[in-house]
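The following report goes through one protein model, beginning with a single residue and then turning to the fold, the cores and the aromatic contacts.

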Amino acid sequence: MKRETQEEKRTQPDVDSEAMLRQFYFRYRDEFLRAFSKYELDEAARLDVYQDAMIVLVEAMRKGKVTLQNNAKSYLFGIGRNLFVDRIKSELKKRELQADLKNQADISENVTLDHIELSHRQQTLQQAIRQLGKKCQEILTLFYYRKYAIEAIQKAMNYNSENVVKAHKSRCLKQLREIMKA
């Protein structure tokens, strides 16, 4: 028979600790949601933060930094506060980027290149870009003209991942090449 080390015993949750953890989860959930209702996030977002904070708490418990009996509630609420601040900062950056994109789009619509003498190839390219869909125009403008990184485009345009942006950009370029050939 294998003897369990002290570390193995600590990292393996037993039925009692899981029941205690479940009880702890439900005991402080509503209080947590009320305490952080001052943040401008809906209840679903606050619940997401609560669940993320609980995950961090469980990891801290596994490492022996916290126990449910002594300082777990304070630790949980402190984690929650930090997660809320991080989420709000992220939301603000996203809103600022979207506002910047909207302003750039408004400026782009008002600025015409008609007064500038363009070469035949540049005129053809300009016409081809106008034939692309709105999303393609936006992605290519952000990437090539505004020099936005793929990650910034992903956040600004609410894509699921950077790979989706890369694939979309690639399809847009292919479509642009086909238009240029015609």
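Asp 30 counts as partly exposed, because its relative accessibility is 42%, a value in between the cut-offs of under 20% for buried and over 50% for exposed. The model is a predicted one, and in it Asp 30 belongs to helix H2, which covers residues 15-35. The C-alpha atom of Asp 30 is separated by 9.8 Å from that of Tyr 50, a residue 20 places apart from it along the chain.

## Overall architecture

The protein contains 8 helices and 0 strands, so that the order of elements from the N terminus reads α-α-α-α-α-α-α-α. Of its 182 residues, 26% are buried, and the accessible surface comes to about 13,200 Å², with carbon and sulfur atoms contributing 50% of that area. Among contacts with a sequence separation of 6 or more, 64% are between residues 24 or more positions apart.

## The largest nonpolar core

The largest nonpolar core comprises 22 residues, and those with the most contacts inside it are Phe 24, Phe 32, Tyr 50, Met 54, Leu 57, Leu 76 and Phe 84. At least two residues of this core come from each of H2, helix H3 (43-62) and helix H4 (72-110), with H3 supplying the largest share, 7 residues. Leaving aside residues up to four places away in sequence, Phe 24 touches Tyr 50, Met 54 and Leu 57, as well as Leu 68, Ala 72, Lys 73 and Leu 76. A second, separate core has 10 residues, among them Leu 101, Ile 139, Ile 153 and Tyr 159.

## Helix H3

The 20 residues of H3 should span 28 Å at 1.5 Å a residue, and this agrees with the separation of its end C-alpha atoms, which are 28 Å apart. The buried residues in H3 include Ala 45, Arg 46, Val 49, Tyr 50, Ala 53, Met 54, Leu 57, Val 58 and Ala 60. An α-helix has 3.6 residues a turn, so residues three or four places apart point the same way. Just after H3, Gly 64 adopts a positive phi of about 80 degrees.

## Aromatic contacts

The structure holds 10 aromatic pairs. One of them is the tilted pair of Phe 32 and Phe 36, with ring centres 4.6 Å apart and 50 degrees between the planes; Phe 32 counts as buried because its relative accessibility is 0%, and Phe 36 is likewise buried, with a relative accessible area of 5%. Phe 36 also pairs with Phe 84, in this case in a stacked arrangement of 4.8 Å centre to centre and 25 degrees between the planes. Since Phe 36 lies in the loop between H2 and H3 while Phe 84 lies in helix H4, this pair ties together parts that are 48 residues apart in sequence.

Phe 36 and Phe 84 are both buried, and they belong to one aromatic cluster together with Tyr 25, Phe 26, Phe 32, Tyr 50 and Phe 77.

His 168 is located in helix H8, which covers residues 162-181, and counts as buried because its relative accessible area is 17%, where the cut-off is under 20%. The side chains of His 168 and Tyr 159 are joined by a polar contact of 3.2 Å. Apart from residues up to four places away in sequence, His 168 touches Lys 135, Cys 136, Ile 139 and Tyr 159; of these, Ile 139 and Tyr 159 are included in the second core.

Conventions: Residues are numbered from 1 along each chain as its sequence is written. This is a predicted model: local features need pLDDT of at least 70, side-chain atom pairs count only at pLDDT 80 or more; totals for chains, interfaces and linings use all residues. Side-chain values use heavy atoms; hydrogens and water are left out. Helices (H or I, at least four residues) and strands (E, at least two) are DSSP runs, numbered from the N terminus. Buried means under 20% relative accessible area, exposed over 50%, partly exposed in between (1.4 Å probe, protein chains only). A polar contact is a pair of N or O atoms within 3.5 Å; within protein, one must be able to donate a hydrogen and the other to accept it, and residues adjacent in sequence count only if both atoms are side-chain atoms. Contact means heavy atoms within 4.5 Å. Accessible areas come from the Shrake-Rupley method with a 1.4 Å probe; for residues, only the protein chains shown count as cover. A nonpolar core is a set of buried Ala, Val, Leu, Ile, Met, Phe, Trp, Tyr and Cys residues joined through side-chain atoms within 4.5 Å. The expected span of a helix is 1.5 Å times one less than its number of residues. Rings of Phe, Tyr and Trp (its six-membered ring) pair if their centres lie within 6.5 Å; planes under 30 degrees apart count as stacked, over 60 as edge-to-face and the rest as tilted.
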